[in-house]
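Here is a short report for a reader meeting this structure for the first time. Please look over the sequence and the model before reading on.

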Amino acid sequence: MTVTMTGQDFSPGADAEAHSLGTIRVLVAKLGLDGHDRGAKIVARILRDAGMEVVYTGLYKSPGEVVNAAIQEDVDVIGVSLLSGSHVPLFRELGRCLREQKAEHIFVVAGGVIPEQDYAALLESGVDAIVPQEARADLIVTTIRNLITARGRI
Amino acid sequence: MTAFTHARPVRRAAYVPSVDLVRDVLAGSILAIARMISRAEAGYAEASEALAQIYRHSGKAHIVGITGVPGAGKSTLVSALIKVFASDGSKVGVIAVDPSSPFSGGAILGDRVRMNDAAESCQAFVRSMATRGHLGGLARSTLQAVDILDAAGYSPIIIETVGVGQDEVEVVTAAHTIVVLSAPGLGDDIQAIKAGILEIADIHAVSKCDKPEAAATISALKGMMALGTVKVASGWNTPVLAVSSVSGERISDLKNAIGRHWQHLRESGELADRQRGICKTRILGTARHLFQQKFNDEAGEVEKHIQAVMNRNMDHSVAARLLLGWNNEVPAT
Ligand code: B12
Ligand SMILES: Nc1nc2c(ncn2[C@@H]2O[C@H](COP(=O)(O)OP(=O)(O)OP(=O)(O)O)[C@@H](O)[C@H]2O)c(=O)[nH]1
Ligand SMILES: [Mg+2]
């Protein structure tokens, strides 16, 4: 189960820990009027190759829809790919929906085109991690694994 | 480079014991249902008592299996069916199965993309499931997920199998009503592809009937059925329906056929046979799994026998019997 065929080098320690927590499930989501889906699809493949189960929402979803899907799928993480520039209000609404639905146990990880000056505002709205656009695959994977490892089994 | 995260430690959610979730599952809590399905999938021993309690509350739902080749239009059809069933006030549940990667163990579960809108507008429960190495077109815990939805009051519960080729037809002993979906434009392939799964259908549907090629597929299917290769079970006539999930054409006819088959099963007494089949498969399947697990845990035991078989001291058949503790039995072959 822990073997990856992608040639990426994930540290065995992180791997073993993540697997003792069971299979990590991630909802890769596109929020709002943002048709850039290449990044989301690449991220989905990176996570799949790292042994995670990935559900993709498709384009143009509202924060409420994404939260409902995340709850039914019982994902550990919502990974939002956002390139439209509307990240601040959309993540604020996503955080509000998660609280309203009592689903704050689900982590939110943001990626795409997000200027550094907006990081603080996103963390404030309930985003748990922001992955810079030029990040390599292993950073995306370890960011998610570290969150789950710190949380423990639920 | 690093990711930007909070300085404070991540919040931790407590592990709620599975038995404490049962009441919420039965009351229809989406959070509890979803979590219970994850516990069944993970196979936690801790969850087995809760799942046993839930099982006692199941048995009311109509379980509908949708199967067909990859890309036949299964997910799109399920999405259309969610809408027509929900318009009658049904609480629709869906389990959509996709294969896990044999290399990484991960999976991209793509069925939900097509069902999201219907799930959202109809308050259906849609869950994507990876096979996690299980063969046969379903996941090992698919029927436990069905039990959970059943106990929570969902019906019908639609299972979308992995896109199947010839023989991955475990759904036959998982569902009450099997819909085999064929796609038009497969030409001569239809013979080969259908050979294995043609017989299992309670209802044949041909997708994408908005396309001109659909007519040929329908007549090919009807032709094959006229040849009599298809089972004739207790007076049920397997219908062939052309549907379009895009235009919505004849989706309600399909819904009605599914309803008629359910009625037929109950009135003819065939339902008991199906249920017996489902139970039998589940018991044997679980026994097989437990047994596999036992020998994964006791790898040393197996290793001893491997050495003996490699050295030609005994053959695999004797070794297998020793492993099972059936030492006294004479091998049948
Ligand atoms: C390709 C592209 C397009 C293509 C999109 C094709 C497609 N189907 O995806 C097309 C031509 C359609 C397009 C259209 C537009 N685009 Co454009 N587009 C780009 C471009 C050049 C590259 C994006 C891309 O695909 N990169 C490749 C992928 C693999 O990288 P990525 O998405 O960044 O993803 C990586 C990481 O960010 C990270 N990641 C991404 N998501 C996530 C999620 C998680 C959870 C994690 C952990 C990591 C992660 O991992 C990925 C892999 O490394 C960018 C410029 C840029 N620098 O990004 C502009 C850009 C995104 N577009 C832009 C604009 C303005 C538009 C248009 C509005 C242009 C117009 N006026 O018509 C339209 C809007 C379309 C729409 N409906 O939304 C702007 C956005 C400005 C902003 N955010 O403020 C950009 C930034 C260009 C610019 N500098 O102005 N675009
Ligand atoms: N024209 C037309 N296209 C359809 C119809 N139903 C599905 N499709 C298209 O067929 C393609 C496959 O549809 P899916 O619903 O994903 O097929 P599937 O059988 O679930 O596929 P897998 O789960 O990958 O095996 C998509 O591009 C759909 O848009 C239909 O009724 N008419
Ligand atoms: Mg599908």
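## A partly exposed leucine

B:Leu324 has a relative accessibility of 34%, so B:Leu324 counts as partly exposed. The model is predicted. B:Leu324 belongs to helix H12 of chain B, which spans residues 316-324.

## Chain B as a whole

Chain B has twelve helices and nine strands. It has 333 residues, and 47% of them count as buried. Its accessible surface is about 15800 Å². Carbon and sulfur atoms hold 55% of that surface.

## A tilted tyrosine pair

How many aromatic pairs does a search of the whole structure find? Over all chains, there are three. One of them joins B:Tyr15 and B:Tyr44.

B:Tyr15 sits in the loop between strand E1 (4-5) and helix H1 (18-26) of chain B. B:Tyr44 sits in the loop between helix H2 (30-42) and helix H3 (48-56) of chain B. The pair therefore ties together parts that are 29 residues apart in sequence. Are the two tyrosines buried or partly exposed? B:Tyr15 is at 28% relative accessibility, so it counts as partly exposed. B:Tyr44 is at 14%, so it counts as buried. The cut-off for buried is under 20%. B:Tyr15 has a charged neighbour too: the charged end of B:Arg39 sits over the B:Tyr15 ring, 3.8 Å from the ring centre.

## An edge-to-face pair

B:Phe125 and B:Tyr154 form an edge-to-face aromatic pair. Their centres are 6.1 Å apart, with 70° between the planes. B:Phe125 is in strand E5 (residues 125-130) of chain B. B:Tyr154 is in the loop between helix H6 (142-151) and strand E6 (157-160) of chain B. The pair therefore links parts 29 residues apart in sequence.

B:Phe125 and B:Tyr154 are both buried.

Key: Residues are numbered from 1 along each chain as its sequence is written. Chains are lettered from A and ligands numbered from 1 in the order in which they are written. This is a predicted model: local features need pLDDT of at least 70, side-chain atom pairs count only at pLDDT 80 or more; totals for chains, interfaces and linings use all residues. Side-chain values use heavy atoms; hydrogens and water are left out. Helices (H or I, at least four residues) and strands (E, at least two) are DSSP runs, numbered from the N terminus. Buried means under 20% relative accessible area, exposed over 50%, partly exposed in between (1.4 Å probe, protein chains only). Rings of Phe, Tyr and Trp (its six-membered ring) pair if their centres lie within 6.5 Å; planes under 30 degrees apart count as stacked, over 60 as edge-to-face and the rest as tilted. A charge sits over a ring if NZ of Lys or CZ of Arg is within 6 Å of the ring centre and within 35 degrees of the ring normal. Accessible areas come from the Shrake-Rupley method with a 1.4 Å probe; for residues, only the protein chains shown count as cover.
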